[in-house]
Amino acid sequence: MERQLSQYAKAQPIPSFDWSLERHLLIELYKLRNKKVSTHAVWRSDYGMIEGDCPSMGYGLPYDTSLTNPLVATRESLNGWNSSSLTSIEQQEPNGIYASKNTNATWVMCIGQAGGIEPVYVESKVTIYPGPVKVDYKNNRVTRSGAATVLIPKK
């Protein structure tokens, strides 16, 4: 196995890039997610039927997103002997949170009639649109009803 990997490294080295479009887009997306942006949320059942929608703020938060590290490095003692082991602990995302890895549930930040943010707990699949949409419950369709209000600058 080691010999084969060494051969690949010589014959087909992993490329190195001066710039990455995917990295750039991810950085721009983090910047957008850190702003107060107007979006529209739609959630659907496991069978694809629209269950609810609302004008929203941001892109939703997975239910178990955390401000503190969900993993803890420990040192345990076994029968009086000190036993230490290496462990990996999560790192914060650039926006200061620990992203969810365990749930499909989402906090959707709906904009209420009075203009305040109303957090709605949704266990269904959520789609957040970057602009206004028209939701047709009868025909189970979502269509854009205007230009996107959230854009990543094209550079």
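Predicted model: local features only at pLDDT ≥ 70, side-chain atom pairs only at ≥ 80, totals over all residues.
Residues are numbered from 1 along each chain as its sequence is written, and side-chain values use heavy atoms, with hydrogens and water left out.

### Overall architecture

The protein has 2 helices and 10 strands, where helices (H or I, at least four residues) and strands (E, at least two) are DSSP runs numbered from the N terminus. Along the sequence the pattern reads α-α-β-β-β-β-β-β-β-β-β-β. Of the 155 residues, 23% count as buried, a term that means under 20% relative accessible area, with exposed meaning over 50% and partly exposed lying in between (1.4 Å probe, protein chains only). The protein exposes about 12,400 Å², of which carbon and sulfur atoms supply 53%; these areas come from the Shrake-Rupley method with a 1.4 Å probe, and for residues only the protein chains shown count as cover. Among contacts (heavy atoms within 4.5 Å) between residues at least 6 apart in sequence, 54% join residues at least 24 apart.

### Residues of the strands and their loops

Asn 140 is found in the loop between strand E9 (133-136) and strand E10 (141-144), and it counts as buried because its relative accessibility is 15%. Its phi is near 55°, a positive value in a residue other than glycine; most residues other than glycine have a negative phi. Leaving aside residues up to four places away in sequence, Asn 140 touches Arg 44, Gly 48, Met 49 and Ile 50.

Gly 52 lies in strand E2 (residues 50-57) and is buried, with a relative accessible area of 6%. With residues up to four places away again not counted, Gly 52 touches Ala 41, Val 42, Trp 43 and Tyr 137.

Glu 123 is found in the loop between strand E7 (117-122) and strand E8 (125-129) and is exposed, with a relative accessible area of 56%. The Glu 123 side chain makes a polar contact of 2.7 Å with the side chain of Tyr 121. Not counting residues up to four places away in sequence, Glu 123 touches Asn 104 and Ala 105, and the C-alpha atoms of Glu 123 and Asn 104, 19 residues apart along the chain, are separated by 6.3 Å.

### Helix H2 and its surroundings

Helix H2 has 13 residues and reaches 18 Å from its first C-alpha to its last, close to the 18 Å expected at 1.5 Å a residue, the expected span being 1.5 Å times one less than the number of residues. At the start of H2, a side-chain oxygen of Ser 20 reaches to within 3.5 Å of the backbone nitrogen of Glu 22. The buried residues of H2 are His 24, Glu 28, Tyr 30 and Leu 32.

A search of the whole structure finds 1 salt bridge, defined as a side-chain nitrogen of Lys or Arg within 4 Å of a carboxyl oxygen of Asp or Glu. Lys 31 forms a salt bridge with Glu 28, the closest N and O atoms being 3.3 Å apart. These two residues are separated by about one helical turn, because they stand 3 residues apart in helix H2 (residues 21-33). Side chains of opposite charge can pair when their charged atoms come close.

The table gives the accessibility of selected residues.

| Residue | Relative accessible area | Class |
|---|---|---|
| Glu 28 | 8% | buried |
| Lys 31 | 45% | partly exposed |
| Trp 19 | 56% | exposed |

Trp 19 lies in the loop between helix H1 (2-11) and H2. Together with Leu 21, Leu 25, Leu 26, Leu 29 and Ile 152, Trp 19 forms a nonpolar surface patch with about 550 Å² of accessible area. Patches are made of residues with over 30% relative accessible area and no salt bridge, like charges being joined within 9 Å and nonpolar side chains (Val, Leu, Ile, Met, Phe, Trp, Tyr) within 5 Å.

Conventions: Polar contact = N/O pair within 3.5 Å; in protein donor to acceptor, adjacent residues only side chain to side chain.
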